Amino acid sequence: MKLYCPACDSDQLSQSKPNSQAVDFMCAKCEQLFQLKSLRSWNPRKIVDAGYEAMLRAIRADRTPNLLVLQYSSTWLIQNLLLIPRVFFSESVIEKRNPLSSQARRVGWVGCNILLSQIPDDGKIAVVSAGVPVLKRVVREEFSRVKRLAEIPRRLGDGLSMSSMPSGGSGNLDFLCKNSTNQRKT
Ligand SMILES: [Zn+2]
(Lines give C-alpha, C1' and ligand atoms only; values in the text may rest on other atoms or scores of the structure.)
Protein backbone atom coordinates (compact mmCIF):
# COMPACT_ATOMS: atom_id res chain seq x y z
CA MET A 1 0.00 0.00 0.00
CA LYS A 2 1.28 3.43 -0.89
CA LEU A 3 0.77 6.17 1.65
CA TYR A 4 0.90 9.87 0.99
CA CYS A 5 1.51 12.53 3.59
CA PRO A 6 -1.70 14.05 4.96
CA ALA A 7 0.24 16.93 6.50
CA CYS A 8 1.86 18.39 3.38
CA ASP A 9 1.87 17.92 -0.38
CA SER A 10 4.36 15.07 -0.40
CA ASP A 11 3.07 11.99 -2.16
CA GLN A 12 5.08 9.48 -0.26
CA LEU A 13 5.92 8.45 3.25
CA SER A 14 9.04 6.48 3.91
CA GLN A 15 9.01 3.49 6.18
CA SER A 16 11.27 3.98 9.13
CA LYS A 17 11.12 0.84 11.22
CA PRO A 18 9.39 -2.35 10.13
CA ASN A 19 8.42 -4.89 12.76
CA SER A 20 5.77 -7.44 13.44
CA GLN A 21 2.99 -5.39 14.96
CA ALA A 22 3.31 -1.87 13.65
CA VAL A 23 5.03 0.01 10.89
CA ASP A 24 6.33 3.52 11.32
CA PHE A 25 6.49 6.10 8.59
CA MET A 26 8.00 9.51 8.29
CA CYS A 27 7.44 12.25 5.76
CA ALA A 28 10.82 13.29 4.41
CA LYS A 29 9.44 16.71 3.58
CA CYS A 30 7.61 17.89 6.70
CA GLU A 31 9.03 15.33 9.16
CA GLN A 32 5.67 14.31 10.56
CA LEU A 33 5.72 10.81 12.00
CA PHE A 34 3.02 8.26 11.43
CA GLN A 35 2.41 4.88 12.91
CA LEU A 36 0.32 2.34 11.08
CA LYS A 37 -1.59 -0.28 13.00
CA SER A 38 -3.26 -3.03 11.03
CA LEU A 39 -6.24 -4.87 12.40
CA ARG A 40 -8.44 -7.57 10.98
CA SER A 41 -11.17 -7.16 13.52
CA TRP A 42 -12.50 -3.73 14.15
CA ASN A 43 -13.68 -2.43 17.46
CA PRO A 44 -14.98 1.10 17.00
CA ARG A 45 -14.53 1.77 20.72
CA LYS A 46 -10.93 0.83 21.33
CA ILE A 47 -7.76 -0.55 19.83
CA VAL A 48 -5.16 -2.55 21.65
CA ASP A 49 -1.83 -0.85 22.00
CA ALA A 50 1.52 -1.57 23.60
CA GLY A 51 3.04 -0.59 26.96
CA TYR A 52 0.94 1.66 29.20
CA GLU A 53 3.77 3.41 31.03
CA ALA A 54 5.71 4.06 27.84
CA MET A 55 2.59 5.49 26.23
CA LEU A 56 2.02 7.86 29.16
CA ARG A 57 5.63 9.01 28.97
CA ALA A 58 5.28 9.67 25.25
CA ILE A 59 2.13 11.71 25.81
CA ARG A 60 3.72 13.75 28.60
CA ALA A 61 6.78 14.38 26.47
CA ASP A 62 4.60 15.28 23.47
CA ARG A 63 6.24 12.77 21.20
CA THR A 64 3.39 10.57 20.04
CA PRO A 65 3.16 10.06 16.28
CA ASN A 66 0.03 10.46 14.21
CA LEU A 67 -1.80 7.16 14.15
CA LEU A 68 -3.12 5.37 11.08
CA VAL A 69 -5.53 2.56 11.87
CA LEU A 70 -5.98 0.14 9.02
CA GLN A 71 -8.71 -2.46 8.87
CA TYR A 72 -8.50 -5.30 6.40
CA SER A 73 -11.36 -7.36 5.10
CA SER A 74 -11.22 -11.16 5.31
CA THR A 75 -9.77 -11.12 1.80
CA TRP A 76 -7.02 -8.69 2.85
CA LEU A 77 -8.48 -5.73 1.03
CA ILE A 78 -8.31 -2.38 2.75
CA GLN A 79 -11.68 -1.77 4.30
CA ASN A 80 -11.10 1.33 6.41
CA LEU A 81 -8.16 3.58 7.08
CA LEU A 82 -8.49 6.11 9.84
CA LEU A 83 -6.05 8.91 10.62
CA ILE A 84 -5.86 10.16 14.20
CA PRO A 85 -3.75 13.32 14.44
CA ARG A 86 -1.24 13.18 17.26
CA VAL A 87 -2.79 16.11 19.13
CA PHE A 88 -5.66 13.85 20.11
CA PHE A 89 -3.54 11.57 22.23
CA SER A 90 -4.05 12.59 25.82
CA GLU A 91 -4.05 10.60 29.02
CA SER A 92 -7.83 10.44 28.95
CA VAL A 93 -7.88 8.31 25.80
CA ILE A 94 -5.48 5.71 27.19
CA GLU A 95 -6.87 2.82 29.17
CA LYS A 96 -4.67 0.64 31.35
CA ARG A 97 -5.08 -3.07 30.76
CA ASN A 98 -4.77 -5.75 33.41
CA PRO A 99 -1.21 -6.90 34.10
CA LEU A 100 -0.24 -10.14 32.42
CA SER A 101 -0.76 -13.19 34.59
CA SER A 102 2.00 -15.32 36.03
CA GLN A 103 1.52 -17.75 33.14
CA ALA A 104 2.45 -15.12 30.60
CA ARG A 105 5.89 -14.74 29.14
CA ARG A 106 6.16 -11.14 30.33
CA VAL A 107 4.79 -11.29 33.85
CA GLY A 108 3.46 -8.04 35.21
CA TRP A 109 3.75 -6.17 31.95
CA VAL A 110 0.88 -3.72 31.51
CA GLY A 111 -0.46 -2.89 28.09
CA CYS A 112 -2.98 -0.27 27.15
CA ASN A 113 -5.95 0.39 24.92
CA ILE A 114 -6.51 3.53 22.91
CA LEU A 115 -10.12 4.52 23.51
CA LEU A 116 -11.40 5.56 20.11
CA SER A 117 -14.73 6.31 21.75
CA GLN A 118 -13.05 9.11 23.76
CA ILE A 119 -11.62 10.78 20.67
CA PRO A 120 -13.92 13.39 19.16
CA ASP A 121 -15.07 12.93 15.57
CA ASP A 122 -12.71 15.71 14.49
CA GLY A 123 -9.87 13.45 15.51
CA LYS A 124 -10.92 10.57 13.28
CA ILE A 125 -10.18 11.43 9.68
CA ALA A 126 -11.30 8.85 7.14
CA VAL A 127 -8.64 8.11 4.52
CA VAL A 128 -10.39 5.03 3.18
CA SER A 129 -14.02 4.44 4.07
CA ALA A 130 -15.86 1.16 3.35
CA GLY A 131 -13.26 0.27 0.75
CA VAL A 132 -13.42 3.64 -1.02
CA PRO A 133 -10.46 6.05 -0.76
CA VAL A 134 -11.36 9.58 0.28
CA LEU A 135 -9.90 12.26 -2.01
CA LYS A 136 -6.36 13.13 -1.03
CA ARG A 137 -7.21 16.82 -1.10
CA VAL A 138 -10.09 16.28 1.35
CA VAL A 139 -7.90 14.31 3.75
CA ARG A 140 -5.26 17.03 3.72
CA GLU A 141 -7.83 19.77 4.26
CA GLU A 142 -9.25 17.89 7.23
CA PHE A 143 -5.82 17.29 8.71
CA SER A 144 -4.86 20.94 8.45
CA ARG A 145 -8.25 22.11 9.77
CA VAL A 146 -7.92 19.86 12.81
CA LYS A 147 -4.35 20.99 13.34
CA ARG A 148 -5.48 24.60 13.35
CA LEU A 149 -8.21 23.76 15.86
CA ALA A 150 -5.62 22.19 18.11
CA GLU A 151 -3.51 25.32 18.04
CA ILE A 152 -6.30 27.21 19.77
CA PRO A 153 -6.10 26.74 23.54
CA ARG A 154 -8.84 24.28 24.32
CA ARG A 155 -10.90 22.80 27.08
CA LEU A 156 -9.03 19.51 27.24
CA GLY A 157 -6.00 21.35 28.54
CA ASP A 158 -4.04 18.22 29.33
CA GLY A 159 -0.81 19.02 27.65
CA LEU A 160 -1.97 19.18 24.07
CA SER A 161 0.56 21.05 22.08
CA MET A 162 1.55 21.38 18.50
CA SER A 163 5.23 21.91 18.97
CA SER A 164 7.09 20.16 16.24
CA MET A 165 8.34 16.64 16.64
CA PRO A 166 11.86 16.27 17.93
CA SER A 167 14.14 15.10 15.19
CA GLY A 168 15.25 12.00 17.00
CA GLY A 169 13.95 9.56 14.41
CA SER A 170 12.35 6.27 15.15
CA GLY A 171 13.75 6.08 18.66
CA ASN A 172 10.92 8.36 19.67
CA LEU A 173 8.41 5.70 18.85
CA ASP A 174 9.41 3.23 21.51
CA PHE A 175 6.15 3.74 23.29
CA LEU A 176 4.17 1.87 20.72
CA CYS A 177 6.51 -0.95 20.32
CA LYS A 178 6.42 -3.95 20.06
CA ASN A 179 9.32 -6.26 20.66
CA SER A 180 9.76 -7.66 24.12
CA THR A 181 13.12 -6.01 24.69
CA ASN A 182 11.53 -2.61 24.48
CA GLN A 183 8.56 -3.59 26.53
CA ARG A 184 10.68 -4.80 29.38
CA LYS A 185 12.06 -1.30 29.74
CA THR A 186 8.62 -0.06 30.78
ZN1 LIG B 1 4.57 15.73 4.88
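User: How many helices and strands does the protein chain have, and what makes a stretch count as one or the other?

Analyst: The protein chain holds 3 helices and 10 strands. Helices are DSSP runs of H or I with at least four residues, strands are runs of E with at least two, and both are numbered from the N terminus. In order from the N terminus, the elements are β-β-β-β-α-β-β-β-β-β-β-α-α. The model is predicted, with pLDDT of at least 70 needed for local features and 80 or more for side-chain atom pairs, while totals for chains, interfaces and linings use all residues. Residue numbers start from 1 along each chain as its sequence is written.

User: Which strands form the open sheet of 3 strands, and what makes a strand an edge strand there?

Analyst: The order in this sheet is β4-β8-β7, with antiparallel pairing. The edge strands are β4 (46-51) and β7 (94-96), since each pairs on one side only. Neighbouring strands of the sheet are turned by 35° against each other on average, direction ignored. Helix α1 (residues 52-60) lies across β4, β7 and β8 and runs at about 95° to β4; such angles, from 0 to 180 degrees, are taken between N-to-C directions of lines fitted to C-alpha atoms, for helices over the stretch in contact.

User: How do you know that β7 and β8 are paired?

Analyst: Two strands pair if DSSP finds at least two bridges between them. β7 and β8 (residues 111-115) are joined by 3 bridges and run antiparallel, therefore they meet the condition of at least two. Within this pair, K96 has C112 of β8 as its bridge partner.

User: Which strands pair with β6, and over how many bridges?

Analyst: β6 (residues 78-84) pairs with β5 (residues 66-72) in the antiparallel sense over 6 bridges, and L67 has I84 of β6 as its bridge partner. β6 is also joined to β9 (residues 125-129) by 3 bridges, again antiparallel. There, L82 stands opposite A126 of β9.

User: Why is L81 called buried?

Analyst: A residue is buried if 20 or more other C-beta atoms, placed from the backbone, lie within 10 Å of its own, exposed if 12 or fewer do, and partly exposed in between. L81, which lies in strand β6, has 21 other C-beta atoms within 10 Å, so L81 is buried. Leaving out residues up to four places away in sequence, L81 touches L68, L70, V127 and V128, a contact being C-beta atoms, placed from the backbone, within 7 Å. Over the whole protein chain of 186 residues, 29% count as buried.

User: Which residues of α2 are buried, and what puts them where they are around the axis?

Analyst: V139, F143 and V146 are the buried residues of α2. They cover an arc of only 70° around the axis, so they are on the same side of α2; the arc is that of the directions from the helix axis to the C-beta atoms. These buried residues pack against β6 and β9. On the other side of α2, R137, R145, R148 and E151 are exposed.

User: What makes a set of residues a nonpolar core, and which members of the largest one touch the most others?

Analyst: A nonpolar core is a set of buried Ala, Val, Leu, Ile, Met, Phe, Trp, Tyr and Cys residues joined through C-beta atoms within 7 Å. The largest has 34 residues, of which L68, L82, L83 and I125 touch the most other members. The elements giving two or more residues to this core are β2 (22-26), β3 (33-39), α1, β5, β6, β8, β9 and α2. Its largest share, 5 residues, comes from α1. Apart from neighbours within four places in sequence, L68 is in contact with F34, Q35, L36, L81 and L83.

Notes:
Contact = placed C-beta atoms within 7 Å.
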